[in-house]
Amino acid sequence: MDRVKSGIDGLDELIEGGFPKGRTVLVSGGCGTGKSIFGLQFLYKGALAGEAGVYVTLDERPEIIREDMMRFGWDLRSLEDAGKLIILDLTSTKLGVPSEERYAMNAPALDLDRLILKIMQTASEIGAKRIVVDSIPALGFHLKDENEARNMILKLTYMIRKSSLTAVLVSEVPEQSPGSGPMKFSKYGVEEYVADAVILLHYLGIGSEGSRTLYIRKMRGTKHAEDIIPLKITDAGMKLTNPEEAFRV
Ligand SMILES: Nc1ncnc2c1ncn2[C@@H]1O[C@H](COP(=O)(O)OP(=O)(O)O)[C@@H](O)[C@H]1O
Ligand SMILES: [Mg+2]
């Protein structure tokens, strides 16, 4: 199986060299756990290595993302200008306001079929190898209609696989503590079955060192670390710290 480098320092060593190529990786966690940084770092490092990528943003405006990533010294704009990265703005579509972005979808509402088509067209325009959808819950399925969510997520991942794109799909789970009932891995409870891999991010958020963690719940076709791995976000982005000291679940 071919592997795609994750771009996250220390992660590839724990997953046999990288994400399975052409597969989908679900990255889930609470707010502020680093899901967007994870996705953007995957694209940024990939683009630097010559693998173009598309970032589909539904939660955050592209301008803000470019500004925030500059904090890490990542000049997204120059990668966009070089045709190595596209930020596809769907936040404005969601809000029903016009976008000032070159890549956006001007539609009265988010129509999932059109959206998938747009994503695929955008990806092929730069010969993208990587794609991030941030986030699945922001696509706005009706929670009560689990079937609709399941079908659309299935369709999206089917199209992504068909295009041989390696994907990071961002989902959300509320903060949960071990032992407080069955673990949740995604918003709709279907993403984790559809995805080939599930990575959970956690942030205790009480200031102490090492309060961020990453946990690989599953990765098809891969022998992966089974521990909870300490994680850090620094001025250089996200990295796993001392995975050899990872504590057991
Ligand atoms: N330069 C930095 N140094 C340390 N931590 C940072 C830095 N930039 C952002 N962060 C942390 O990353 C968090 C945002 O990560 P993000 O990927 O946007 O979270 P999510 O998408 O899961 O909500 C911030 O709340 C902050 O804790
Ligand atoms: Mg986010």
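This is a predicted model: local features need pLDDT of at least 70, side-chain atom pairs count only at pLDDT 80 or more; totals for chains, interfaces and linings use all residues.
The buried residues of helix H5 (112-125) pack against strand E4, strand E5 and strand E6, where helices (H or I, at least four residues) and strands (E, at least two) are DSSP runs numbered from the N terminus. Those residues are Leu115, Ile119 and Ala123, and I call a residue buried if 20 or more other C-beta atoms lie within 10 Å of its own, exposed if 12 or fewer, and partly exposed in between, with C-beta atoms placed from the backbone. Seen down the axis of H5, they fall within an arc of 70°, so they line one face of the helix; the arc is that of the directions from the helix axis to the C-beta atoms. The face turned away from that side carries the exposed residues Asp113, Gln121 and Ser124.

Residues are numbered from 1 along each chain as its sequence is written, and chains are lettered from A and ligands numbered from 1 in the order in which they are written.

Staying with H5, its 14 residues reach 20 Å from the first C-alpha to the last, close to the 20 Å expected at 1.5 Å a residue, the expected span being 1.5 Å times one less than the number of residues. H5 is followed by Gly127, whose phi is positive, near 60°.

Leaving aside its neighbours within four places in sequence, Ile119 is in contact with Val54, Val56 and Leu88, contact meaning that the two C-beta atoms, placed from the backbone, lie within 7 Å. The C-alpha atoms of Ile119 and Ile131, 12 residues apart along the chain, are separated by 9.0 Å.

Val54 stands opposite Ile86 in E5. Are the faces of E5 covered or open? Both are covered, with Leu85, Ile87 and Asp89 buried on one side and Ile86 and Leu88 buried on the other, and in total five of the five residues of E5 (residues 85-89) are buried.

The buried residues of H2 are Pro62, Ile65 and Met69, and they fall within an arc of 55° seen down its axis, so they line one face of the helix. Glu63, Ile64, Glu67 and Met70 are exposed on the face turned away from that buried side.

Helix H6 (residues 146-162) has 17 residues and reaches 24 Å from its first C-alpha to its last, close to the 24 Å expected. Which residues of H6 are buried? They are Ala149, Ile153, Leu156, Thr157 and Ile160, and they cover an arc of only 90° around the axis, which puts them on the same side of H6. Asn147 and Lys162 are exposed on the other side. The elements covering the buried residues include strand E3 (24-29), H5, strand E6 (130-134), strand E7 (166-170) and helix H7 (191-194).

In the loop between E6 and H6 lies Ser135, which a cis peptide bond joins to Asp134, with omega about 10°. Ser164 lies in the loop between H6 and E7, and its phi is near 55°, a positive value in a residue other than glycine. Ser164 counts as exposed because it has 12 C-beta neighbours inside 10 Å.

Finally, the ligand. Ligand 1 is surrounded by Gly29, Cys31, Gly32, Thr33, Gly34, Lys35, Ser36, Ile37, Arg71, Ile233, Thr234 and Asp235, a residue being near a molecule if its C-beta atom, placed from the backbone, lies within 6 Å of it. These divide into three nonpolar, six polar and three charged, where Ala, Val, Leu, Ile, Met, Phe, Trp, Tyr, Cys and Pro count as nonpolar, Asp, Glu, Lys and Arg as charged, and the others, Gly among them, as polar. Helix H1 (35-48) and strand E10 (228-234) each supply at least two residues of this shell, and H1 gives the most, with three.

Key
Two strands pair if DSSP finds at least two bridges between them.
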